[in-house]
6 protein chains.
Amino acid sequence: MKLQLSTWPEIESYLERSRCIVVPIGSTEQHGPTGMIGTDALCPEIVADGMAEQRELLIGPTLSVGMAQHHLAFPGSISLRPSTLIRVVVDVVESLAGHGFEQIFFLNGHGGNIATVQAAFAEFWARSSFARRDSGLNLQLHNWFQGRRVGRLSRELFGDDEGSHATPSEISLVLSAYAEAARTVALQPERPPSGPIRDARDFRRRHPDGRMGARSELASVEHGRRICEAAVADALDALG
Amino acid sequence: MKLQLSTWPEIESYLERSRCIVVPIGSTEQHGPTGMIGTDALCPEIVADGMAEQRELLIGPTLSVGMAQHHLAFPGSISLRPSTLIRVVVDVVESLAGHGFEQIFFLNGHGGNIATVQAAFAEFWARSSFARRDSGLNLQLHNWFQGRRVGRLSRELFGDDEGSHATPSEISLVLSAYAEAARTVALQPERPPSGPIRDARDFRRRHPDGRMGARSELASVEHGRRICEAAVADALDALG
Amino acid sequence: MKLQLSTWPEIESYLERSRCIVVPIGSTEQHGPTGMIGTDALCPEIVADGMAEQRELLIGPTLSVGMAQHHLAFPGSISLRPSTLIRVVVDVVESLAGHGFEQIFFLNGHGGNIATVQAAFAEFWARSSFARRDSGLNLQLHNWFQGRRVGRLSRELFGDDEGSHATPSEISLVLSAYAEAARTVALQPERPPSGPIRDARDFRRRHPDGRMGARSELASVEHGRRICEAAVADALDALG
Amino acid sequence: MKLQLSTWPEIESYLERSRCIVVPIGSTEQHGPTGMIGTDALCPEIVADGMAEQRELLIGPTLSVGMAQHHLAFPGSISLRPSTLIRVVVDVVESLAGHGFEQIFFLNGHGGNIATVQAAFAEFWARSSFARRDSGLNLQLHNWFQGRRVGRLSRELFGDDEGSHATPSEISLVLSAYAEAARTVALQPERPPSGPIRDARDFRRRHPDGRMGARSELASVEHGRRICEAAVADALDALG
Amino acid sequence: MKLQLSTWPEIESYLERSRCIVVPIGSTEQHGPTGMIGTDALCPEIVADGMAEQRELLIGPTLSVGMAQHHLAFPGSISLRPSTLIRVVVDVVESLAGHGFEQIFFLNGHGGNIATVQAAFAEFWARSSFARRDSGLNLQLHNWFQGRRVGRLSRELFGDDEGSHATPSEISLVLSAYAEAARTVALQPERPPSGPIRDARDFRRRHPDGRMGARSELASVEHGRRICEAAVADALDALG
Amino acid sequence: MKLQLSTWPEIESYLERSRCIVVPIGSTEQHGPTGMIGTDALCPEIVADGMAEQRELLIGPTLSVGMAQHHLAFPGSISLRPSTLIRVVVDVVESLAGHGFEQIFFLNGHGGNIATVQAAFAEFWARSSFARRDSGLNLQLHNWFQGRRVGRLSRELFGDDEGSHATPSEISLVLSAYAEAARTVALQPERPPSGPIRDARDFRRRHPDGRMGARSELASVEHGRRICEAAVADALDALG
């Protein structure tokens, strides 16, 4: 059940049955020569759809622009500052809490969002904590790519070629839903995947084509289907 | 051409041919008993797709959550504060300007966003103005529902029944792309459409089912197709 | 009755009779070679005085500096950023609401303030809306230059020569109260009045002497008196 | 020479002769049973006018609303938060600096503004200091009521009856320019003038009629004229 | 070498030899019935001292108050909001970067700071990234309690009794430097250590005496000495 | 009794006996060729320790980084922007107020903090004042160097050689507790101590070695002991 494709009386009814909402949150940033710029927003959207097929669940609108300052040296990347994203998350949470939602499950597709979203949760909770009152809210951040089943499957399918950005796993997941996202490009050998993430120009010097240790070309629709299945199961577990 | 479904080298190429990007911006808010909560985000998305069919154009990610504080008394509505939305728009513009985009065309689906997005433009421009340097940027806000052709067609199709929120025009436009959005609900007679917009509870008292002077039930797929055509033509005109 | 020239016990009494206050809001910015830099602040002040002559009304202090970032390339212009003006308006509204004022009527003299003041109202109302409580406040923004009577009279007096910045109407209105504001300068023919408003240097390139399509030299004390009368009547209507 | 009653070419000329501007800054707050709510804004305005009579000086628009949170329990008081006033002062300074003004002389009428305006100066200077570049700006805060001559005269005229809020000195200064500001009210004996300033309700409990140790009723037009003369001389000295 | 106990010419000399500074960052929050409220600030201070004994290193002032909103239901805890701490870290980094420091090593004693400090780094880097210029800065966050050697030793010494808040490891580390911090209190059996961290009252309900799964009473001076040694070695490794 | 070296149950007990806490606040900034960079933080710490020896008093953690933008042209200085320090002070106050503290006594070692901390107090109080409710808080700012006894003693010991930055008094006070802080450097004659404080480069031009009119070399341990005694007595008086 999608919030965007529901009416308000339908949400009113839903709230009598459940106090939970899933909010996909991603990023708009380069994913190497073959990965889609929308990868990190599309992946949690795809996983959320899979979740809603298995359980009655309300899926909120995707927050497609996240914290991607380190990708800004690649054309097409869009970022919010951390201080902006904190305000966005706080306003979204406050809007939903006011309707009676008690469990807000952010299904995240981007590693770069993690710290900022956690800081945003603390910013929200701080309002209650400073006032010494209960918030009554369960805010969760679940990174689909860090679930147990997904981790096991990625290692099985790609081993060390998974890398950490523009991974064959995330690109496969996009392919499973967007046939038009397939690209055939000769990729150069990657530099070492490890290394710090700092500003955008530093990032591009370290990772000239945008990938971090990943052999993106190993992605396939078929892998994507299996990854989706694993990610949905992981996310439903995390939802509790 | 969608930013989300492109790679960064493709955007690099695009920037050699064009410096323009269309960014759909909407809202997540109640649209009466039969309208989708995502109406204001879906409409500019649909229109942007139509634009891209007629001209080579890059379409950015939809900013689905806007300034909808006055709808918060209806379940499912989500709002950013104006001060938050200003930061979001500034960060998005700054991200894009850094890549070399010179025309950023916000295609807007929500009246409640207008003042805040214009304030955001001024906030962005103020940085250049205070420093007495050129911004070199053309920021545009186009409201699809206020185009000349759309206005004429709405009056022809619905006359005074158009109203100003949950209008048959916007609901038709959604129907033209989302068959599953059709709802059959007996609607009560509406209160007068005019009146000030203030806080959320005041709004709900004035407009108990969420509509403002609109006979939403007049919406149809067929009307939606014609409206889409008109809106695309209006938007392409505005784009210049 | 002016707030600045009253004592607090007098305001306490006033609040027993009325819950309404008029707050003139303007700008400090160039108005072409013959218009006063204070035009946009002086005009609503003059109109507010006229209103108070006809009805018992409390007039607050003039907020003389507004959102004029696009005028900063002309010496003497002063601007607040939109984000600053939003905070100013919110603080003023909150101060007054706490005393029991229920209708705060911002009488505005500057087109560039409109979006930002409306965003400020929404920022204020959002506090109540997010908390799902009533604000009980009626905030109004009335632009004296957009009233029905003023529009009719401007067209009658100046037709297409009115333009949209440094207009003979606003300059006349200032002249009606400030004899020393009369200037005799040979004006060059104006460029076309239409065109987008962006940053300050862009604005000055488009409008080298600061006027936008206006023949400012048509202004006169006599016209100003008639315009004032019309503006007062329009504003009293809007006040309700 | 008043900025509000000048044209931009006149300011352009002025800047060839001088890089200095005087900006009156005040407050809108209760001044006891007989003092005007606008006292703190009117006083620096009156003094600035006197300065401009003696020397060619540009006088900017009065910033009439200041930091008066502790007066909010008295009807009619309006306050900005310190964080808001800091932004206002920074924006005003930045606007003026961009035109080439090098000495910005804030002529202040309100003790409650002092800390915040000084913090605002530091906020402005910090931009240059963090970037290790020169600001080239001379920002001054001059409190008319703390000048040497004014101090001597106040003691001579009123001795201990001067107090520290709603003082006969400031009320006299207003009277010297606004005949209509005279009020005859029987004043109760004042409580002790000393004591901390905290929040608004605490302030009102300590100073039930708003005065702090002042016999406001000693004010007169004649005293006001002498005080004005002293204040003008003090301010011109401070200006350098 | 401590910044606080150096003169500026000494720092000028140091910068000719090294571009690195260590900044201890902690928190002021409850650490169960026997742990010091300053534990999280004292620990990195102690470790930093140890580092400076082994290598020439500049140690900055300890940032003693961190992000501890979830501990506010216990008397004595002090917290900054995440949005405040982000500003603090950005200002500190900007101050140091301006002097020529290139490696700023935040030695952290508090898990609750991690997300916010990482968001602060991104906020700082975003300035360069949005402007597409190099920051030239290496910002590091090292959590002393998560080093390899410390982890191994904690497991060896305390096994499952380590828990995750008010741990015997951190309390031992404090004891190694502050004899007066020893407390003998009968501790009740702990509730399960796992569980989400939300607002302050929720935290206190889950962990009534403040500990999270830790047998704090196992702490000792001797253990602290060994832990310190391990932590110093880990931190020097991380410093590179 | 130090907060950092107490447990939360001990603070709970303390709050049954007293509602007062002393918070040392300083700065990290150059103090001339012989003064410690930490002088302004160490001094109030030393004085607070002295206070706690004479009366049962809780001493909070030292806020070591203050508002020192004008010192940033000297290596090692660290500053918060005024807007940042305001937030820090507000968060600290709010944390403590929530525990039941009613008197928060900021013991300050840095003149540059005064305006900003006072603005922060007003920012905190404004929350209550805008809401027309009681804060119930007594916030105090005491500058140890401006106490009556300290002033008398400084004049006696150093006369005009005291100056206003890197003073022999403050350096003596540090020496009284930190033997290792003694430095022997040949000092050049100082420039005039008076003069405005603006941005960092302007400050360094006026005061090339960082001192303001002070003969820092007159400092001694013995003087420091006497100054400490005086400062403790002054602070205890101010505490009430």
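I will talk about one strand of chain E and then about the contact between chain B and chain A. This is a predicted model, in which local features need pLDDT of at least 70 and side-chain atom pairs count only at pLDDT 80 or more, while totals for chains, interfaces and linings use all residues. Residues are numbered from 1 along each chain as its sequence is written, chains are lettered from A in the order in which they are written, and side-chain values use heavy atoms, without hydrogens and water.

Let me start with strand S1 of chain E, residues 20-25, where strands are DSSP runs of E with at least two residues and helices are runs of H or I with at least four. Six of its six residues are buried, so S1(E) is largely enclosed by the rest of the structure; buried means under 20% relative accessible area with a 1.4 Å probe, protein chains only. E:Cys20, E:Val22 and E:Pro24 lie on one side, and E:Ile21, E:Val23 and E:Ile25 on the other.

S1(E) runs parallel to S3(E), residues 103-108, with six bridges joining them, and E:Val22 stands opposite E:Phe105 there; strands pair if DSSP finds at least two bridges between them. Two bridges join S1(E) to the parallel strand S2(E), residues 58-59, where E:Ile59 is the bridge partner of E:Val22.

Turning to the interface, 54 residues from chain B and 54 residues from chain A take part in the contact, meaning heavy atoms within 4.5 Å. Six salt bridges cross it, each a side-chain nitrogen of Lys or Arg within 4 Å of a carboxyl oxygen of Asp or Glu; one of them joins A:Arg81 to B:Glu94, with the closest N and O atoms 3.3 Å apart.

Terms used:
Buried < 20%, exposed > 50% of the residue type's maximum accessible area, 1.4 Å probe, protein only.
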